[in-house]
Each structure stands twice: as structure tokens, then as C-alpha cells.
Amino acid sequence: MENKGKYYISTAIAYTSGKPHIGNTYEIVLADAIARYKRLEGYEVYFQTGTDEHGEKIELKAKEANQTPQEFVDEKAAQIKEIWNIMNTSYDKFVRTTDKRHEEVVQHIFKKMYDQGDIYKGEYEGLYCTPCESFWTESQLVDGKCPDCGREVQPKKEEAYFFKLSKYQDRLIKHIESHPEFIQPPARKNEMINNFIKPGLQDLCVSRSSFKWGIPVDFDDKHVVYVWLDALTNYITNIGYDTDGRETEEFKHKWPADLHLIGKDIIRFHTIYWPCFLMSLDLPLPKQVFGHPWLIVSDGKMSKSLGNVVYADDLVNEFGVDAVRYYFLHEIPFASDGIFTRELLIERINGDLVNILGNLVNRTISMNKKYFDGIVKDHKVSEDIDKELIDSVLSLNKKVTSKMDELKVGEAIQEIFDVLRKCNKYIDDTCPWLLAKEECKQDRLGTVLYNLLESIRICAIYLSPFLPETSEKILKQLNTDINTLDSTIEFGKLKVGTQLSEPVHLFNRIETKD
């Protein structure tokens, strides 16, 4: 397959204040599916994730835990990385904002912005939300509380450095309006323009002097770099960026990012603050920022205080990694929140993964074992009914790629499962067990089973970004290494004469009480 060039995708870096729940984990799985599909298409993918480790909240939590801040974040970062690995995510780099290289480059960036007049010293007085590490004005509060998390805010006054967001306002509006794909989904773009940019950007506090757990401002040691300048710059500090004009070949090759995948709650930071920082550094802006919806539980947003937090590793231990991945990717719409319930997860496992996918693979391979000793046959005894199935299988390339280009991952999976349903219907319509009873229909039987096996092979390739372990198990049963996207463009790549492996159950039915 031809190399289609680079594709740089990143998630937001996870905050090391605690163990990530399924809402946080959804993002890394979504990014992984996109990254894997891009690799399948022939892109040279760089997939970056990691942890955000500084700030007042971390300092306070470490104190509560009787640990140093570094001990606290080391423990939490390891926990986050373990869950990312449990979910079988194929990231290329796991970054940490306490890495020495990152800290040094952030100090250089701060000094560069200061030297060119984009950062100045002042005094901040406002309302501060410690959990969100955000300052708010009175008018931005909702019912007197933080508009992001709904918690209490506290008045704060301290010396601080500020970044001149207002300087880049007109340039930012022009970029957003001339690049309609920059902020997705479109509703998020309208929200940013109407609620934040057009009313007028206020200069942004970019340092703190009331706590110490952060990257020191090297020319003024009373201050540490405020979390958003620290965190957002991870997208460039880890790919070779240096402020002294010594950008590496790696940086020149990888930047700009093709996609920042983030939760809708932090889209303001990624589509207002981050572009203005990049303009200050005279760097290109990322091509796209996608503010994905949330995965919530049936009684609303997950919260430890409500006792409704669900963790991905617990679900994987109970149901298996691909079952959990399938639920995350299939159930969350493109632009609106998805709801998690155990009942719906079990329903999806039994209905989609067991009945539609698992049964199709198992009974097709079992029939081939029974009737042809597991040898793939095809004497091309075709009938009109075959064309409908084959056309639907060959339409997957255009349909799935189109949906993935639009980041509509759930809809891409639905296209594959629509074809799997057609395969099951094809079995019911052709009745291989009846063909097997007639000596004169053996060649036709071979063709029917071949059409099913080849359809399964092609579907397994398209499933590989979403259900990587399951896809691998299917291809292993087919005893084929023909697994490229190019091999799905034509029907008939599964070699006649292949000896199939023993059939195995892909998913176990979950028994539930009435």
C-alpha cells in the first residue's frame, strides 16, 4: 500500500488527580480507532497521549495523601498508562508534563513570549475554581458556581503574568471562519465564536505565585507556569520543538497536528488559547480540533460523591476488552452524549457480538469443516443472490472510509455490522445444509461457503481498528495473512485450498436473570 504521508493525532493529556473513569477512557479508545484506521489506509501515524501533572489541585491532593507531588503524580500516571494499555491502545508516545525536556521547552516558550511582549506582569483578582484550575468573572458563573463543574469558586488575588489573548482575537476569528473544518462538530465552533470570542477575549493569566507545584518561571522564581500554557504545549514539546530556531527534522515532519481529539468541556482551551499561543510562536495551527461528546451514566455525569463511577478495567475483567471497546465506539453519537448502562452493554454483547458476528464466523467455519474438512473450495457456481452480497461487501471501503473521514466512528462500525447481517441472511437464503444433502450441489455449496468466508475476511479487516483482538482471531481461524485494505477492493483474495483452523467462540453469551 502506498504511503499517504504523516498523520498526527493526539488526545488531551489526562489529569493525574485520580483514576480515570470510563468517560475519560472513551477518549483514548476513540483516538486509537481513528489512529488504527489511518494506519490501515497507509498513513504514517503518530499517536500521542499522556498525563498533565502540575497545578494547585495536585499539590493539595498529594498533601492529603502524605506524599510529595512527584510521588503522587508518578503513581497516578502509572495507573492511567496501565488502563490505556488494558484497553489495547496503540499510542506511539505517552508524555508526562513532569518530563525534564518538556519543562525546559515550556520555560523557553514562556521567556520567548515575554521577550516579544506577548506576556506581561500584572495582578489577578477573580473567582477561582480549584478542581478546574480556572479563573472566572462573576458574569460567567452559573448560579454562582463554576460553569464547567458546578462547584464553589473562591475569590483570589495574586501577582501573575498575563498572555495577550486580545492581540490575536481578529486573526483567530479570521482563521476559524476561513477554515470551517477547524472546529468540529460545527455546534462547538458556533459556541466558541458567539460565547467567547466575539464578546471580546480577556488577557489570560499564565502564571501563579500562590503555590509551588509547577514549572518555575526561570527569570522570576516566585512564579510557576499556569497549567494551560504548560499542558497545551505538550503537543509540540514532545516532537522536537525548540524556541531557539533549532526545530528538529522530526518537528518539521510531524507538525502541524492533523487532529486534536478532546472532550467538549475543554474545547475553549484548545480552540482559543492554544491557537493564540501558536500564533505568538509563529507556528501553524492544528488542522482540526474535535470536541467529542461525553459518555455518561444514566443518572448523569459520573462523580465519586454520587457513587456512580464506572472504571474500564473492571468492565474489561468482566466482559473482555473488545466488548468494552465495541460499546464505547458504537454507542456514542458524533455530536451528543452517550449513556452507559450495564444492561445495554450486555444487550450489545449478546445481540451484536454473539448473535451477529460470533455466530456468523462460528457456523460458517464449522460448516466448511463439516462439509469440506476445512478446505476452502470455490468452483464459481454463482447465482444472482451472490451479487447482492458481494456488492455490499465491496461497498465497505467507500462507506467506512467516508464515515471515518468525518470522525463518525459509530456509524462506520454500523456499516460493517450491516454487512455482517446480510451475511447471516445469505446463509438463511442459500441454506447450505440443504445443498450439502445433494451430490450435484456440492460445487454450489463450495461457492456459497467461499462467499461467506471471503466476506468474513473483508469484514475482519474493517473491524481491526475497532476490535483488534477479535479481528486477529477471525483471520487466524481463516488461516490467512491477507489483511491489507487493498485486499478488500476486489472480492476473491482468500486462497482456494486454504486449510481453515479450528472454529473458536469469539464472544460468550452473558446470561441474565429476567
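Modeller: A charge is counted as sitting over a ring when NZ of Lys or CZ of Arg is within 6 Å of the ring centre and within 35 degrees of the ring normal. Keep in mind that this is a predicted model.

Biologist: Over which ring does the charged end of R268 sit?

Modeller: The charged end of R268 sits over the ring of F269, 4.5 Å from its centre. There is another case with a lysine: K19 lies over the face of Y311, 4.5 Å from the ring centre.

Biologist: Where do Y8 and Y46 lie?

Modeller: Y8 lies in strand β1, residues 6-11, and Y46 lies in strand β3, residues 44-52. The pair therefore ties together parts that are 38 residues apart in sequence. Both Y8 and Y46 are buried.

F163 and F277 also form an edge-to-face pair, with 5.0 Å from centre to centre and 85° between the planes. Since F163 lies in strand β7 (residues 154-163) and F277 in helix α10, this pair ties together parts that are 114 residues apart in sequence. F163 and F277 are both buried.

Biologist: Which residues form one aromatic cluster with Y8 and Y46?

Modeller: The cluster is made of Y8, Y46, Y235, Y241, F251, W255 and W274.

Biologist: Now a helix. Which residues of α11 are buried?

Modeller: Start with the general idea: an α-helix has 3.6 residues a turn, so residues three or four places apart point the same way. In α11, residues 312-319, the buried residues are A312, D313, L315, V316 and F319. Looking down the axis of α11, these fall within an arc of 160°, so they line one face of the helix. They pack against α1 (22-41), α3 (69-86), α12 (321-331), β15 (338-340) and α13 (342-372). After α11 comes G320, whose phi is positive, near 100°.

Biologist: What do the buried residues of α15 pack against?

Modeller: Helix α15 covers residues 396-405, and its buried residues are L396, V400, T401, K403 and M404. Down the axis of α15 they fall within an arc of 160°, so they line one face of the helix. They pack against α1, α14 (384-394), α16 (409-430) and α18 (442-463). Just after α15, L407 takes a positive phi of about 65°.

Biologist: On to strands. Which way do the residues of β13 point?

Modeller: In β13, residues 289-292, V289 and G291 point one way while F290 and H292 point the other way. All four are buried.

Biologist: Do the strands joined to β13 run parallel or antiparallel to it?

Modeller: Strand β8, residues 183-184, is joined to β13 by two bridges, and these strands run parallel. Across that pairing, Q184 stands opposite F290. Strand β12, residues 259-263, is joined to β13 by four bridges and also runs parallel to it. There, H260 stands opposite V289. From β12 the chain crosses through helix α10, residues 267-280, to β13, and this β-α-β crossover is right-handed.

Biologist: In what order do the strands of the open sheet stand?

Modeller: The open sheet has four strands in the order β6-β5-β7-β9, with antiparallel pairing. β6 (134-136) and β9 (204-205) stand at the edges with a single partner strand each, so one side of each is left without a neighbour in the sheet. Three bridges join β5, residues 119-129, to β6. Across them, L127 has W136 of β6 as its bridge partner.

Biologist: Last, a single residue. Where is the place of D92?

Modeller: D92 is in the loop between α3 and β4 (93-96). Its relative accessible area is 43%, which makes D92 partly exposed. Setting aside neighbours within four places in sequence, D92 is in contact with R39, V45, Y46 and F47. The C-alpha atoms of D92 and S366, 274 residues apart along the chain, are separated by 39 Å.

Methods. Residues are numbered from 1 along each chain as its sequence is written. This is a predicted model: local features need pLDDT of at least 70, side-chain atom pairs count only at pLDDT 80 or more; totals for chains, interfaces and linings use all residues. Side-chain values use heavy atoms; hydrogens and water are left out. Buried means under 20% relative accessible area, exposed over 50%, partly exposed in between (1.4 Å probe, protein chains only). Two strands pair if DSSP finds at least two bridges between them. A crossover is right-handed if, with the strands pointing away from the viewer, the path from the first strand over the helix to the second runs clockwise. The arc is that of the directions from the helix axis to the C-beta atoms. Contact means heavy atoms within 4.5 Å. Rings of Phe, Tyr and Trp (its six-membered ring) pair if their centres lie within 6.5 Å; planes under 30 degrees apart count as stacked, over 60 as edge-to-face and the rest as tilted.
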